[in-house]
Amino acid sequence: MNQQQVLDACKAGIAEWQVAFNSQDAAGCAAQYAEGTTMEARPFGTFTGRDEIQAFWQNIIDQGFSNVDYSEVQWEQEGEDGFILSAQWTMNKAFGVVHREHWKIQEDGKARLVFDDFEVQGER
């Protein structure tokens with residue numbers, strides 16, 4: 001894959017995560033993480049692996065959070081097979097920042113998160 005193909009795969013990954021979240025599909029959210037990924041969800045804590053990550057997103061969805069959107073999205077190449085995303089985000093009931101999402105091409109050719117660090121900065 002060339003750099004543009006890798007970036008396109010990473011952009012497809014975040015788009016699939018956003019559709020899953022906005023469809024209230026925690027399993028679909030978790031599927032965008034590579035197995036064994038660590039997610040730092042400030043101020044809630046650290047979650048490792050798809051099961052813990054899915055449970056976190058299910059809890060957020062169960063509390064009525066929805067309609068995630070991104071702004072000021074920046075992509076920075078990381079190695080030959082990945083990109084780092086940083087952005088601002090909003091939901092219906094909260095807002096914050098993505099400090100560092102590392103999207104990396106997996107064996108099946110899809111990009112998945114291998115590291116996620118985001119922060120809730122306030123309520124709306």
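The legends below describe close-up views of a predicted model. Local features need pLDDT of at least 70 and side-chain atom pairs count only at pLDDT 80 or more, while totals for chains, interfaces and linings use all residues. Residues are numbered from 1 along each chain as its sequence is written, and side-chain values use heavy atoms, with hydrogens and water left out.

**View 1. The largest pocket holds about 280 Å³ of space.** A pocket is an open set of points on a 1 Å grid over the protein atoms alone, where a 1.4 Å probe fits, with protein on both sides within 12 Å along at least five of seven lines. Its volume is the space filled by probe spheres set on the points, which are joined across faces, edges and corners. The lining has 20 residues, and Trp57, Trp89, Met91, Phe118 and Val120 are the closest to the pocket centre; a lining residue has an atom within 4 Å of a point. Two or more lining residues come from each of helix 3 (49-62), strand 5 (94-105) and strand 6 (111-123). Helices (H or I, at least four residues) and strands (E, at least two) are DSSP runs, numbered from the N terminus. Strand 6 gives the largest share of the lining, 4 residues.

**View 2. The largest nonpolar core contains 34 residues.** Such a core is a set of buried Ala, Val, Leu, Ile, Met, Phe, Trp, Tyr and Cys residues joined through side-chain atoms within 4.5 Å. Buried means under 20% relative accessible area (1.4 Å probe, protein chains only). Phe21, Met39 and Trp57 have the most contacts inside the core. Helix 1 contributes the largest share, 8 residues.

**View 3. Phe21 lies in helix 1.** Phe21 is buried, at 0% relative accessibility. The residues that Phe21 touches include Cys29, Trp57, Ile60, Phe65 and Met91, not counting residues up to four places away in sequence; contact means heavy atoms within 4.5 Å.

**View 4. Phe56 and Trp57 form an edge-to-face pair.** Their ring centres are 4.9 Å apart and their planes stand at 80 degrees. Rings of Phe, Tyr and Trp (its six-membered ring) pair if their centres lie within 6.5 Å, and planes over 60 degrees apart count as edge-to-face. Phe56 is buried at 6% relative accessible area, and Trp57 is buried at 4%.

**View 5. One aromatic cluster is formed by Trp17, Phe21, Phe44, Phe47, Phe56, Trp57 and Phe118.** The whole structure has 8 aromatic pairs. Among the residues touched by Trp57 are Trp17, Phe21 and Phe118, with residues up to four places away in sequence not counted.

Notes: Buried means under 20% relative accessible area, exposed over 50%, partly exposed in between (1.4 Å probe, protein chains only). Rings of Phe, Tyr and Trp (its six-membered ring) pair if their centres lie within 6.5 Å; planes under 30 degrees apart count as stacked, over 60 as edge-to-face and the rest as tilted.
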